[in-house]
Amino acid sequence: MKKVLIFGGSGQIGRHLIRRLTNKNYLVTVVTRNLHRKGTVLRLGGNPGYVEIIEANIFNEDKLNDLFKDKDICINLVGIISENKKNKFKNIHTYFPTLLSKKCEEFKLKQFIHISALGVDKAKDSKYAKSKLAGEKNILENFSKTTILRPSVVYSVDDNFTTNLMTLLSLLPVFPLYYEGKTKFSPIHVSELCEIILEIIEKCIIEKIVECVGPEELSFKEILEKLLFSIDKKRILFNLPLFLAKIIIFFLEKLPKPLITQDQLTLLKYDNVISNEYKSNIDIGYKAKLRFEDEVKKYSYMWREGGEYSKK
Ligand SMILES: NC(=O)c1ccc[n+]([C@@H]2O[C@H](COP(=O)([O-])OP(=O)(O)OC[C@H]3O[C@@H](n4cnc5c(N)ncnc54)[C@H](OP(=O)(O)O)[C@@H]3O)[C@@H](O)[C@H]2O)c1
């Protein structure tokens with residue numbers, strides 16, 4: 001029975017992945033910063049007896065040595081979308097994955113799977129992308145049995161993407177479009193991304209970088225239109241000039257959980273679709289099939305007038 005060590009397992013991707021791994025009889029150890037807050041969701045996420053939850057400071061090397069010594073595979077899902085005083089991109093996306101890759105080498109693990117993000121090599125003026133790219137480079141230098149996945153936006157009933165957008169679209173009569181809403185995405189459903197990770201483990205695929213995309217390319221405007229259709233609401237989508245967006249975001253950024261940051265605005269400049277410069281999930285034998293509109297329809301009723309039993 002293979003032993004898998006997961007960091008960041010309480011997040012959107014981790015919760016789905018743990019269920020799949022334990023269904024396949026992998027013994028999973030998940031590291032979290034806060035057992036009280038994340039323990040329940042993690043414990044219920046996998047088959048009983050197959051999940052061990054460890055509360056730890058992920059930068060504590062003694063603790064890491066302890067965790068790595070009997071493991072076969074390490075998966076890193078730790079990531080942040082915005083910085084605050086305590087959590088900096090460089091620490092989370094560069095320093096931490098570098099540390100993990102060194103431990104993988106030291107403890108002779110069979111595989112390291114690291115989740116990065118699509119387009120980090122293109123968005124050279126984004127702090128998020130730069131920190132992820134620097135992390136990737138160090139990992140590949142430190143541990144040869146690494147596979148780095150670069151997903152486009154990942155969605156599901158418990159994501160921070162479609163669910164937040166549907167809440168905002170429900171509340172606001174008008175909604176701003178940055179860069180005229182033309183930025184393209186290739187949304188992938190979390191279940192399919194987890195199938196890809198499982199495939200990589202089961203077939204022991206070692207491939208430096210794999211881009212992970214869904215079956216469609218949709219502009220940000222098209223995504224909003226599909227969400228609006230799904231929640232049966234009509235809203236005015238208007239082009240927000242960039243200079244005005246920057247001023248508004250300057251104030252929004254001061255909030256404890258900002259809706260959008262300057263760095264995210266920078267990222268939105270770049271299309272988030274397959275580059276064809278690296279292998280993709282299709283090349284490793286997994287073609288994603290789930291279509292954005294069909295999947296969102298399965299949970300969007302929660303944002304519709306009348307809820308689940310409304311007519312539409
Ligand atoms: N979701 C997407 O659309 C998407 C798209 C492209 C790439 N990715 C990447 O995929 C990875 C997983 O994404 P996700 O959506 O599952 O992330 P998520 O839901 O935001 O969860 C990330 C996890 O990271 C851990 N974490 C965050 N800050 C930490 C810190 N300062 N110290 C220690 N742990 C910390 C948290 O674990 P604890 O709270 O349990 O400690 C959390 O469960 C990330 O690297 C992300 O950048 C995601």
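This is a predicted model: local features need pLDDT of at least 70, side-chain atom pairs count only at pLDDT 80 or more; totals for chains, interfaces and linings use all residues.

Student: OK, which residues make a nonpolar surface patch here?

Tutor: F243, L244, I247, I248, F250 and F251 do, and the patch covers about 600 Å².

Student: Where is F243 found, and is that residue buried or exposed?

Tutor: F243 is in helix 9, which runs over residues 242–252. F243 has 56% relative accessibility, and exposed means over 50%, so F243 counts as exposed.

Student: Let's go inside. What does the largest nonpolar core look like?

Tutor: The largest nonpolar core has 33 residues, and I6, L21, I75 and I197 have the most contacts inside it. Strand 1 (3–7), helix 1, strand 2 (27–32), strand 4 (73–76), strand 5 (111–115), helix 7 (190–202) and strand 11 (209–212) each give two or more residues to this core.

Student: Which element gives the largest share?

Tutor: Helix 7, with 8 residues.

Student: And what does I6 touch?

Tutor: Leaving out residues up to four places away in sequence, I6 touches L17, I18, L21, V28, T29, V30, V31, I75 and L77. There is also another core, apart from that one, with 28 residues, including M166, F185, L228 and L240.

Student: What about T22, buried or exposed?

Tutor: T22 has a relative accessible area of 0%, so T22 is buried. T22 sits in helix 1, residues 12–23. Beyond residues up to four places away in sequence, T22 touches V28, G46, N47, Y50 and V51.

Student: New topic: how many aromatic pairs are there?

Tutor: A search of the whole structure gives 9. Take F7 and F96: their ring centres are 5.5 Å apart and their planes are at 75 degrees, so this pair is edge-to-face.

Student: Which parts does that pair tie together?

Tutor: F7 is in strand 1 and F96 is in helix 4 (residues 89–106), so the pair ties together parts 89 residues apart in sequence. F7 counts as buried, at 0% relative accessibility, and F96 counts as buried at 0% too.

Student: Which residues do ring pairs link into a cluster?

Tutor: F7, F59, F68, Y95, F96 and F107.

Definitions and conventions:
Residues are numbered from 1 along each chain as its sequence is written. Side-chain values use heavy atoms; hydrogens and water are left out. Patches are made of residues with over 30% relative accessible area and no salt bridge: like charges are joined within 9 Å, nonpolar side chains (Val, Leu, Ile, Met, Phe, Trp, Tyr) within 5 Å. Accessible areas come from the Shrake-Rupley method with a 1.4 Å probe; for residues, only the protein chains shown count as cover. A salt bridge is a side-chain nitrogen of Lys or Arg within 4 Å of a carboxyl oxygen of Asp or Glu. Helices (H or I, at least four residues) and strands (E, at least two) are DSSP runs, numbered from the N terminus. Buried means under 20% relative accessible area, exposed over 50%, partly exposed in between (1.4 Å probe, protein chains only). Contact means heavy atoms within 4.5 Å. A nonpolar core is a set of buried Ala, Val, Leu, Ile, Met, Phe, Trp, Tyr and Cys residues joined through side-chain atoms within 4.5 Å. Rings of Phe, Tyr and Trp (its six-membered ring) pair if their centres lie within 6.5 Å; planes under 30 degrees apart count as stacked, over 60 as edge-to-face and the rest as tilted.
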